[in-house]
Amino acid sequence: MPAARRHPSPSPASAHDLYARPAVRALSASRIRELVNEGIGNPDVLAFWVGEPDEPTPEFIRTAGIAALEANDTFYTHNLGIPALRETLAAYLTRLHRPTGADNIAVTSAGVNALMLASQLLLEPGDRVVEVTPLWPNLVEIPRILSAQVQCVPLRFAAGSGWTLDLDELLAALTPDTKVLYVNSPNNPTGWTLDRAAQQAILEHCRRHGIWIFADDAYERLYFGASQNRCAPSFLDIADVRDRLVSANTFSKSWLMTGWRLGWLAVPETLSADLGKLIEYNTSCAPGFVQQAGVVAVKEGEPVIARTVERFRAARDYLVAELNGIPGVQAALPAGAMYAFLRVEGVADSLAFCKRLVREAGLGLAPGSAFGPEGEGYLRWCFASSQPRLAEGVRRLRAALGR
Ligand SMILES: Cc1ncc(COP(=O)(O)O)c(C=O)c1O
């Protein structure tokens, strides 16, 4: 007998009962998605709005995934991931940052799932979270899903110096009642990247006050500054294993694998068992054949990363120079990630302006307001693209602005 008959409802649900809980209703929908939906399927739109490399996943990684499927790797895996991938990632982090064991690694179903899991692991309703903004909206909304309070510390833009953080302002916001600092460096959308001295000061401050650092390191390998290990400065380089540090990462950007949905968390060993429980109740595990492809990506993918960084560096240099050549447009040279975040004089409503660009100029850019109020007046342009495409995009922007 159907459940509804055994337990008849005393009265029909009121309209109020049919909505999601208040914290979910209060979330902002992604304005990037809103805009993409506007132009979806329209072949005349030249799109730079999504943060995605323009090349398909390299063949050797695809081959590994196909081979795993053909070998019937179609079953659940351990919650924390297959041993081969956890060990490979531990060796990778040991090479890049600091000694890491497989027990410190949890494989996740992409970076965004890693952000949710880490947030579920650390946050109670009402906890205070501090974030440096403008910022990819998912990082701001995920703590809110869990009813945490988010306080933003804004970066500032100046024509000569680009995007900078007032370190004292951030440290003042990191009060003893703060639970977690969320920091994404290199940052989406500005490309701002924390330097070692600032990282050290933040780490010491957080140690003093017992604050967790949650580092979203999605773009650590897409870094254009000088470095010995082809990697942006990371909290993992300076923190020790007893520090309150969780690092999230993804295969999406560095290994050109956005659609595979594979990522990981690096955590103190003491969190692993609880993280395993959360993975069980969220996704249970990442797909086995995708994890097998991940092993090959990490083991053999360094040349792919090196080539991608050089390609993106050339694209960045070209695009930023072209944008700054348009009267009334300013763009800083980003130190990392894959975006130019440009200011356009006269644009007060970036969402409305981007919609106009789609409709009238066939150009798809993301509105700065999608990244918080500090981003209003700016547009985000993903430069993971060929030079002819970028040139055509610039031509369309110039035409739309009449400049
Ligand atoms: C800052 C940042 N973190 C994490 C991610 C997660 O990427 P994915 O879910 O594709 O792994 C993204 C994707 O754009 C991002 O920009």
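How many helices and strands does the secondary structure of the chain come to? The chain has 15 helices and 15 strands, where helices (H or I, at least four residues) and strands (E, at least two) are DSSP runs, numbered from the N terminus.

Two remarks on conventions come before the details. This is a predicted model, in which local features need pLDDT of at least 70 and side-chain atom pairs count only at pLDDT 80 or more, while totals for chains, interfaces and linings use all residues. Residues are numbered from 1 along each chain as its sequence is written.

I begin with the overall form. For 403 residues, a compact globule would have a radius of gyration near 22 Å, and the chain agrees, with 22 Å. That radius is taken over C-alpha atoms, and the globule rule is 2.2 Å times the number of residues to the power 0.38. Buried residues account for 48% of the chain; a residue is buried if 20 or more other C-beta atoms lie within 10 Å of its own, exposed if 12 or fewer, and partly exposed in between, with C-beta atoms placed from the backbone.

I turn now to the domains. The chain is divided into domain 1 (15-57 + 303-398) and domain 2 (74-300), with bounds that come from an automatic or database domain assignment. Between them, 36 residues of domain 1 are in contact with 38 residues of domain 2, contact being C-beta atoms, placed from the backbone, within 7 Å. On the side of domain 1 that touches domain 2, helix H13 gives the most, with 8 residues.

The next topic is the core. The largest nonpolar core holds 126 residues, and Leu-265 and Phe-383 touch the most other members. Such a core is a set of buried Ala, Val, Leu, Ile, Met, Phe, Trp, Tyr and Cys residues joined through C-beta atoms within 7 Å. Helix H6 (residues 111-122) contributes the most to this core, with 7 residues.

Finally, consider the surroundings of Leu-265. Beyond its neighbours within four places in sequence, Leu-265 is in contact with residues including Ala-106, Thr-108, Ala-114 and Leu-117. Ala-106 and Thr-108 are buried on one side of strand S2 (residues 105-108), and Ile-105 and Val-107 are buried on the other. S2 runs antiparallel to strand S10 (residues 263-266), joined by 4 bridges; strands pair if DSSP finds at least two bridges between them. Within S10, Ala-266 is the bridge partner of Ile-105.

Definitions and conventions:
Two residues are in contact if their C-beta atoms, placed from the backbone, lie within 7 Å.
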